[in-house]
Amino acid sequence: MTQAHAVLHGIGVSAGMAIGNVVQVPPAAPFSPDEPATTDSASAIEKVHKALEQVASGLEARMATVPEHARAVLEATAMMARDPGLTGAIDTRLTSGTGVTRAVHDAVEEFATMFANLGGYMAERVTDLHDVRDRTISRLLGREEPGVPKLTSPAVIVAHDLAPAETAAMDKKLVLGIITAAGGPTSHTAILAAQLGIPAVVKTSGALELPNGTVVAVNGSTGEVIISPSQVEQDELLERAERRAAALKDSHGSGATKDGHAVALLANIGTLDDAKAAAAQDVEGSGLFRTEFLFLGQSSAPTVAEQTAIYTEVLRSFGDRRVVIRTLDAGADKPLSFANLGEEENPALGRRGIRLGFAIPQLLEDQLAALGAAHRETDADLRVMAPMIATCEEAEQFAESARAAGLPSVGIMIEVPAAALRSQDLLAIVDFASIGTNDLSQYTMAADRMEGELANLLDPWQPAVLQLIQHSCAGGQTNDKKVGVCGEAGGDPLLALVLVGLGVSSLSMAPGKVPAVRASLGMHTLELCQQMASAAVGARTATDARQAVLDLADQELNVLL
C-alpha cells in the first residue's frame, strides 16, 4: 500500500534497521460497561480466579517455546496473574457488587496507578499488568486472548503497546521490526526486542494511523520511522545496518576506552526474574537493583526471611559479579498500605526514599538485616546504597545502620542537587556513590519527570545537569571513591563518553544497551572523552552540548546512534 512519504518520531529502544509492510495488532477487548452487577459474589470470585489461573498457565505453557532469556519475563507476568494483592483487590470489588470485567479492570488500574507513580522502570511494568487485564477480560467474555495476528510473511508489527508475552514469542524471521505508540526504554518489550535483535521504536506518535500494508523503514537507533521510504533511503538504511552489525560484532567482555581505561558496564534490574535474565547477558553485574517490587501491593511489609530469600537468589544469579542494591524508594507518591505517612502537598519533595526509612525505622532495619543475611549466605560482591540522600547527617545515619548490619560496602544515590554540590563531604562518609540521572535532572530543572510536556527540560544533555555530575565525580576523586551512573543516560552511546570524561567509573543501563555503549567506549580514548565532557559542560544549551560532542566523536560512532 502506498502512503505519502513522511517521518514519524519515537524512542529507539532496540537498535537496527528494518523495512517491511505494516501489520497492526488489534486492540484488546475492553471491559463491558453494560454488564450486570455481581449478585453472587462467591460464584463470581470463583469465575475470575479460574480465568486468572488460565492466563497464568497459558503464559507458563509458552515458556517451553521461547528462548531461555525470555522465560523469566513470561514467568514474571504469570506471577502477576496469581498475585494475592491483585486477586484480593478484585475480590473486594466483586463482593461490593461490581461486575466481573469491571472488577478486573478497576483492580488492575489501582495497581497500575501505583506503579505509574513510581516512575521510570516501575512505571513501565504497567504494560505487564495491562496484559494480565486484557487476557483475563477476554477469557471472561469468552473470546480468544489478544495478541499479534498470525503472520504468513515477514512484517513490521505496529501496536499501541506489546505485552512481553507477545514479544518473547516472536519469530525473528517473520517480525522484521516493532513500532508502538506507548512503551518506554526499560520496558520488558524493549529489553526483549533488543535481546532478540528486532529493531524497535516506542512512543511513536501517529503509529496507530498507519494502514495495514504500508511500507515503513524502522530505525531502532534514532527512533525514526520512515513511511514509504524511497529506494535510495532503503539502500542507505540497509548499508547502515550492515555497518552497525560489523561495529558490534566484537563488542564483548569488560568495558574500557580505546586506551584501556576500565569502565564497568552493568545492568539495571527490578525483580528476581530480571536478575536472572540480566545475569545471562554479557554484563559485569548489576549497578541498580530496585527493591520496590518486594513491597508493592502487600498488606504488610515482607519479613526479613522473605527478603533474605530474594536477595540471596539475586546475588547467586550474578556469581562473583557485583550487585548494587538500592534500599526501598517509596513515599506518598508510591503508596504502601503499611507505610502510609499521609497525603503530602508535593510527594516528590516529601518523605520519600531514605526519609521514609528514617520515619519508619523498622522498614529500613529489616531490609538491612535481610541484606546482611544474604551477604553472609553468599559472600557475594554486594554493595548497598540509599536513595534521596541530601545531607551528611543522613549519610552518616544510613552508613552506621548498614555497617551495623554487616554490609561491607555502603553507598548513596546522588539524585538531589545538594548531594552533588556536597559530594566531597558525603563521599568522605560512605564507600561509593551512584548518580540517578533521572531524578537529578528532575530536581535540577524543577520539571516533573512524569510530565511529557517538559521532556526538553529533562534532557540529560542539559549543561546544568552535566555540571552537577562533574561536581559529584570531583568529590569522589578527592576521596578516592568510585562514582557511577545508574540512570538511563548511561545507556546512550554518545552521552556515555561524556560521563566517562566527567569521571564516572561505571555505567548501569538496560542490558540490551550494553553492546553499543561498550563499542562506543572502545572507539575513543579517555583523553578524548575528557575533551568531550569539557565541551558539553561548557555549552549553552542541551542541543549545543550534544552537537559539540558529536563533532568530536569518531565518525564510525554514527552507526550506533
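This is a predicted model: local features need pLDDT of at least 70, side-chain atom pairs count only at pLDDT 80 or more; totals for chains, interfaces and linings use all residues.
Residues are numbered from 1 along each chain as its sequence is written, and side-chain values use heavy atoms, with hydrogens and water left out.

**The second largest pocket**

- A pocket here is an open set of points on a 1 Å grid over the protein atoms alone, with protein on both sides within 12 Å along at least five of seven lines; lining residues have an atom within 4 Å of a point.
- Of its 32 lining residues, Met-79, Asp-83, Phe-293, Leu-294 and Gln-298 are the closest to the centre of the second largest pocket.
- Helix H2 gives the most to this lining, with five residues.
- The lining has 15 nonpolar, nine polar and eight charged residues (nonpolar: Ala, Val, Leu, Ile, Met, Phe, Trp, Tyr, Cys and Pro; charged: Asp, Glu, Lys and Arg; polar: the others, Gly among them).

**Cavities**

- There are three cavities of 30 Å³ or more in the structure (a cavity is a set of grid points where a 1.4 Å probe fits but cannot get out, and a volume is the space filled by probe spheres set on the points, which are joined across faces, edges and corners).
- The second largest cavity has a volume of about 70 Å³, and the residues lining it include Thr-327, Gly-353 and Gln-367.
- Its lining divides into five nonpolar, four polar and no charged residues.

**The aromatic pair**

- The count comes to one aromatic pair (rings of Phe, Tyr and Trp, the last by its six-membered ring, with centres within 6.5 Å; planes under 30 degrees apart count as stacked, over 60 as edge-to-face and the rest as tilted).
- The pair of Phe-295 and Phe-338 is tilted because the ring planes stand at 35 degrees, with the centres 6.5 Å apart.
- These two residues are 43 residues apart, and their pair links distant parts of the chain.
- Phe-295 is buried at a relative accessible area of 1%, while Phe-338 is partly exposed at 22% (buried is under 20%, exposed over 50%, partly exposed in between, with a 1.4 Å probe and protein chains only).

**Thr-204**

- Thr-204 is also buried, at 1% relative accessibility.
- Leaving out residues up to four places away in sequence, Thr-204 touches Leu-8, His-9, Gly-10, Ile-179, Thr-180, Ala-181 and Val-225 (contact means heavy atoms within 4.5 Å).

How values were computed
Helices (H or I, at least four residues) and strands (E, at least two) are DSSP runs, numbered from the N terminus.
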